[in-house]
Amino acid sequence: MLHEFKYLAPRRRAELLDLIAEYGARAKVLAGGTDLLVNIRAGVMKPDFIVDAKKVESYSGVGRNDAGALVFWPATTINDVLQDARVRKDFPLLAACGHDLASYQIRNRATVIGNVVNASPCSDMAPALLCLGANAVIVSKKGERIVPFKEFFTGVKKTVLMADEILERIEVPAASAGVRGDYRKLKRINGHDLGIVGVALAIKDGKINFAISSAAPTPVLVEGLPEKIGADEAVAAVDKAISPISDVRCTKEYRAYMVSVYVRRLLQEVRG
Amino acid sequence: MKVRLTVNGGTYERDVEENSTLLRFLREDLGFTGTKEGCGAGECGACTVFMNGKTINSCMVLAVEADGASIETIEGEAKGGSLSAIQEAFDKHHAVQCGFCTSGMIMSVKELLQRNAKPTVDEIKEGIEGNFCRCTGYEQIVEAVLDVSGQKIVKGDINHA
Amino acid sequence: MLENSNPRDLKYVGKDARRSEGVEKLTGAAVYVSDMSLPGMLYAQVKKSPHARAKILGIDVSKAETLDGVRAVLTGAELNYRLGLYVVDKDILAKTEVRHYGEAVAAVAADTLEIAKKAVDLIEVRYEVLPPVLNHMDALKEGAPLVHPDLGKYDFVKAAFTPIPGTNIANQSKLRKGDVEKGFAESEWIIDREYTNPSVQHVPMETHVAIVEWKKGDDIVIWSSAQSPFTVRNLFCYAFKLPLNKVRVQIPHVGGGFGGKAGIHIEPLVACLSRKANGRPVKFQATREEEFSLLPCRSALTYRIKTGVSSDGKILAQRMWMYWDAGAYADYAVNVTRASGFSAAGPYEIPNAWIDAYTVYTNKPYGTAYRGFGHVEFHWGLERHMELVAQVIGMDSLEFRLKNALRPGSHTLTGEEITENTGNVVKCIESVASSIGYGKLSIDEKAREQKTGRKIGKGIAALHKAPAMPPFTATAVIIKMNSDGTVNVNVGLTEIGQGSTTAFAQIVAERLRFRLDQVKVTVEKDTDRDPYDWQTVASKGLILTGNACILACDDLLKQAYETAGQVLRANVCDLDHDDTRVFLKHHKSHGVTFASMSVGYAYSDGNAIGGPFVGVGRYTAQGLSNLDKETGQGNPALDWTYGAHGIVVEVDPETGEFKVLRVSSCFDVGKAINPELVRGQCIGGMVQGLGTAVCEGYIYDEKGRLLNPSFTDNKIPTARDIPDIIETSVVETPQLDGPFGARGVGEHPMISVAPALGNAIQHAVGAELTHMPIRAEDVWRAMLNKEAVDNWITKTPTGSCRSDPASRIHNPDSAALP
């Protein structure tokens with residue numbers, strides 16, 4: 001690691017928020033580190049301060065708020081989510097998106113929030129959060145605001161977060177418990193890989209939501225399709241919403257094609 | 001910054017640069033060179049160690065994050081001069097060739113067996129998915145894990161045509 | 001050297017034995033150069049070129065030199081040494097121009113790695129960027145930029161290579177056997193196709209690393225993660241004009257080599273840094289990204305094959321054109337060209353053959369030795385070709401292969417006659433075909449197809465390879481007996497994970513008739529202490545060093561018997577021995593222990609006879625010859641190892657995604673010294689072969705920048721990428737001059753995996769693939785007869801490494817080629 005930074009590990013929430021307010025864009029929050037440290041090593045990010053969120057009490061584990069929503073904190077890892085009994089029982093789509101994310105060692109560190117907070121288009125968790133109508137709870141010294149996930153991503157690697165704010169919680173509404181869904185991820189090998197494209201489907205409140213990763217500048221939600229929608233129509237609706245590119249990983253033609261294949265197969269598998 | 005942690009049951013306290021990784025700290029500051037660096041970017045698993053009971057890629061953890069932590073590395077695996085059951089199985093089944101991935105691989109196998117005493121072949125492969133090996137082709141590693149977990153191995157030997 | 005006729009049951013050879021150095025590797029105690037640190041050691045970093053081709057207008061190192069903690073800074077201007085195994089074309093640091101992305105232009109040694117990195121960032125290089133030549137077929141065209149305009153002035157190994165000055169051709173190898181035009185004239189069918197492979201990297205888990213200390217008086221110590229200590233020493237001394245005994249090369253454990261560490265790479269640069277830093281030891285370890293660009297790769301290949309077949313399916317004539325993409329420097333690539341050139345037609349009888357093989361310079365990271373030495377690359381084209389030819393002539397491809405396979409009495413391309421003991425490729429092919437149930441689907445397989453909607457296909461591919469080595473390759477082994485009757489064995493062959501240490505221990509124990517635990521073969525190499533071995537490459541170690549081990553054993557026993565004869569006052573011919581003593585055959589209780597003789601035998605009155613037992617064995621390849629430069633005829637092959645792969649693949653006909661269900665491999669190894677070690681090579685090589693077939697390959701942009709210099713986008717197989725069922729078999733047709741009948745098999749398991757897969761996919765869904773790697777998208781395109789996507793490029797509609805499709809109809813008969 002070449003770049004020099006100051007490491008801070010606040011133990012209290014208020015302290016963390018003070019630090020973020022004070023240092024703003026000069027600081028980066030450290031959760032799992034599996035994204036941030038890779039970027040620092042590559043010289044892509046050069047923060048003056050690293051604020052470790054993991055030592056703040058209550059910032060770990062899979063929680064539940066008063067409204068019965070599933071709550072993910074800054075230090076909630078992918079494996080925490082996969083191993084949570086409530087997730088397995090009531091939120092299978094979260095498990096489907098998480099289980100093929102990177103490798104086991106990475107999932108012991110990588111966090112749900114970390115997976116989405118940099119608006120990477122190839123986020124595996126974002127499709128689930130979009131389909132399930134999750135909310136981003138954004139917090140700063142000044143207070144709290146809630147942004148539905150479908151409004152959280154604004155552009156390539158851009159979110160609505162301001163420099164003095166952190167994404168403190170992700171809340172998956174209790175109403176999404178029991179939602180049927182699944183995720184298909186195209187990879188170059190059977191082993192751990194970034195998604196070349198990924199498609200999630202959820203059937204919620206009699207409507208079908210699709211969310212697609214790696215096929216647009218941000219993860220994309222196509223929501224509220226009629227539950228009985230025909231496969232061709234569904235493919236067309238999704239195709240309209242995505243804009244895949246050709247890059248080192250794949251051509252845009254095959255990406256678009258595989259999205260359509262996944263849409264059809266997910267409809268077949270989840271809906272029947 | 002000061003860091004105090006335990007490695008394989010022994011306590012260590014050192015001054016460390018904030019931008020030093022746990023991997024570098026273990027290898028260079030403490031001399032535990034059994035754990036290796038293969039990529040420095042969390043892809044290959046050669047740097048896998050236990051931190052507070054969970055396997056992690058130590059190249060993706062800062063040494064300062066490990067303050068107060070309990071670390072286990074390959075050096076703590078053999079006790080009292082005897083190989084552990086996993087090491088013995090690896091030796092028996094030729095799961096080692098150049099040896100560079102071995103330390104991390106054994107840590108991942110150990111972790112797998114702690115949470116799943118009798119993993120299927122697919123579960124074994126998923127368990128070591130994050131540990132690259134360029135030499136063995138993984139099959140003999142899978143066989144070693146089947147053996148040490150008391151399960152049957154199918155097609156273990158070379159045939160004579 | 002013949003050692004295979006003893007009818008007595010073998011005790012160690014042919015049986016499993018634990019890996020000699022297993023315990024230290026399992027416990028983290030094995031030391032690799034990566035782990036080493038010497039007193040006063042400095043850390044090196046390298047400034048690398050971001051351009052594929054550029055003139056260096058100036059390098060300003062002033063800010064780097066004045067940074068606290070920097071002890072040496074080097075640029076190419078101060079290093080007037082040339083390197084090159086076969087064509088001496090490389091400077092230690094680029095001098096007036098850079099020839100590939102990632103090339104080293106300056107280097108720094110400093111107290112810490114961080115200071116060295118900072119210093120490198122402070123070095124300012126001014127470039128005049130020039131248009132690079134990236135595709136090797138473009139590099140052959142008239143008017144292409146010359147990567148080495150001074151090619152005509154370089155030294156090169158005249159006996160084996162032919163560079164063509166004024167072009168980008170670093171070497172042309174030719175082979176002319178019989179009369180191809182006559183053969184074509186008599187053919188019923190002529191099939192002319194072209195096949196391609198991209199560059200890939202070896203990906204050893206331990207990247208290249210070296211520590212060098214250039215002491216006063218020019219005594220130099222080199223620690224390197226390398227395959228060939230004597231080659232490192234010899235090339236080093238050649239470049240620096242030093243006597244060989246001034247340089248000591250030491251190699252501890254090596255974290256994988258695969259050919260990438262076969263030659264000399266970073267050692268000279270590190271040595272120069274040490275010299276400039278007043279003799280302090282300097283360490284340089286490549287990052288994984290540097291491993292992919294600063295360090296070499298495997299050459300890409302375009303292989304065109306034109307085959308004439310008789311009406312009854314016999315190959316009458318074959319013309320072959322190989323275009324090897326060497327990258328910016330010739331390194332091993334010229335020899336890959338030569339070695340592939342004489343082997344290019346595979347294990348088949350070709351009565352009339354004409355081969356032109358070219359090593360072509362381009363502005364890309366250069367190709368070096370890689371497991372298979374060209375054979376993985378050209379067998380892709382060759383075994384796909386055999387399949388396609390069979391299809392055209394309407395014959396089953398298994399039948400077609402067997403019909404044309406080399407058999408006793410056949411002649412190879414170079415005119416060598418195949419005998420009963422060369423090896424049995426027919427048996428290898430039949431074994432894998434039978435093992436996968438080739439030619440039909442079983443009831444279970446049919447049911448699976450019905451259930452899943454996916455198609456199952458089966459493919460086979462054969463292979464052969466002889467060691468690519470000088471005809472005079474030699475090695476020696478020293479066995480020292482200790483005063484307790486145990487022995488230490490020094491070999492120059494390097495343990496890179498292949499298990500040579502263990503195999504030699506088994507051979508020595510067998511020949512000496514000692515217990516395996518009495519025999520220690522040293523793992524670490526030291527050119528000061530170990531006897532010479534050429535290189536750890538080519539799958540020749542088992543034969544040459546194995547034989548030398550046997551001869552060293554015999555030599556040791558001869559000394560023991562001589563002393564024992566005196567002690568026992570007996571004829572040497574009346575003596576026998578076991579693992580502790582030498583005794584009279586007819587009076588077993590009358591004997592003397594090895595221990596009492598091993599460092600000299602003392603009588604009770606103090607008189608002494610004999611002396612320390614040191615057995616020496618030397619073995620040099622016999623009867624081999626250079627190849628005639630015009631006809632390619634000669635006797636280059638120490639031995640031939642034959643083999644075959646059979647693959648069962650399941651393909652999704654909608655998406656092109658596929659899964660390898662089953663791989664079966666078979667090699668004629670002569671004698672499996674340790675069957676489990678052989679199996680380890682078979683599986684490891686097969687998986688590495690799958691990687692090159694399915695997901696590996698360098699991707700460049702139009703400017704020649706490498707776009708996938710890390711594991712993020714340069715994938716290798718993980719444990720989840722191996723087939724469900726892996727079967728390995730051996731045939732044992734004894735190699736008459738091999739130790740216990742053995743021949744090598746280190747490289748071969750990688751060789752015909754990719755074409756077996758391509759053939760299986762073709763059987764499954766009809767997709768005809770002629771380029772690698774085979775990704776799901778490639779299968780999808782081939783199924784739909786869509787235009788293939790160049791595997792090498794991205795970001796632009798037409799691509800970079802490939803020239804405009806319309807102009808890429810190369811015609812090797814055109815005037816552009818000599």
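Modeller: Helices (H or I, at least four residues) and strands (E, at least two) are themselves DSSP runs, numbered from the N terminus. Keep in mind that this is a predicted model, where local features need pLDDT of at least 70, side-chain atom pairs count only at pLDDT 80 or more, and totals for chains, interfaces and linings use all residues. Residues are numbered from 1 along each chain as its sequence is written, while chains are lettered from A and ligands numbered from 1 in the order in which they are written.

Colleague: Then what makes S6(B) and strand S31 of chain C a pair?

Modeller: Two bridges join S6(B) to strand S31 (residues 725-731) of chain C, in the parallel sense. The cut-off is at least two bridges, so they count as paired. Within that pairing, B:His160 sits opposite C:Val730 in S31(C).

Colleague: How many residues of chain B and chain C are in contact with each other?

Modeller: Contact means that the C-beta atoms of two residues, placed from the backbone, lie within 7 Å. By that test, 44 residues of chain B are in contact with 54 residues of chain C. On the chain B side, helix H2 (85-92), helix H3 (102-115), helix H4 (121-127), helix H5 (139-148) and strand S6 (159-160) each supply at least two residues. The largest share, three residues, comes from H2(B).

Colleague: Why is C:Ala637 called buried?

Modeller: A residue is buried if 20 or more other C-beta atoms lie within 10 Å of its own, exposed if 12 or fewer, and partly exposed in between, with C-beta atoms placed from the backbone. C:Ala637 has 21 other C-beta atoms within 10 Å, so it is buried. Its place is in the loop between strand S28 (614-620) and strand S29 (641-651) of chain C. Not counting residues up to four places away in sequence, C:Ala637 touches C:Glu416 and C:Ala466.

Colleague: What share of each chain is buried?

Modeller: In chain C, 62% of the 818 residues count as buried. For chain B the figure is 61% of 161 residues, and for chain A it is 53% of 272 residues.

Colleague: What makes something a nonpolar core, and which residues have the most contacts inside the largest one?

Modeller: A nonpolar core is a set of buried Ala, Val, Leu, Ile, Met, Phe, Trp, Tyr and Cys residues joined through C-beta atoms within 7 Å. The largest has 405 residues, and those with the most contacts inside it are A:Leu93 and C:Ile761. Helix H15 (residues 541-568) of chain C gives the largest share of this core, 14 residues. Leaving aside neighbours within four places in sequence, the contacts of C:Ile761 include C:Val649, C:Phe658 and C:Leu769.

Colleague: How do you know that chain A is as compact as a globular protein of its length?

Modeller: The radius of gyration is taken over C-alpha atoms, and the globule rule is 2.2 Å times the number of residues to the power 0.38. For 272 residues the rule gives 19 Å, and chain A has 18 Å, which is close, so chain A is as compact as a globular protein of that length. Chain C has 28 Å, in agreement with the value near 28 Å for a compact globule of 818 residues.
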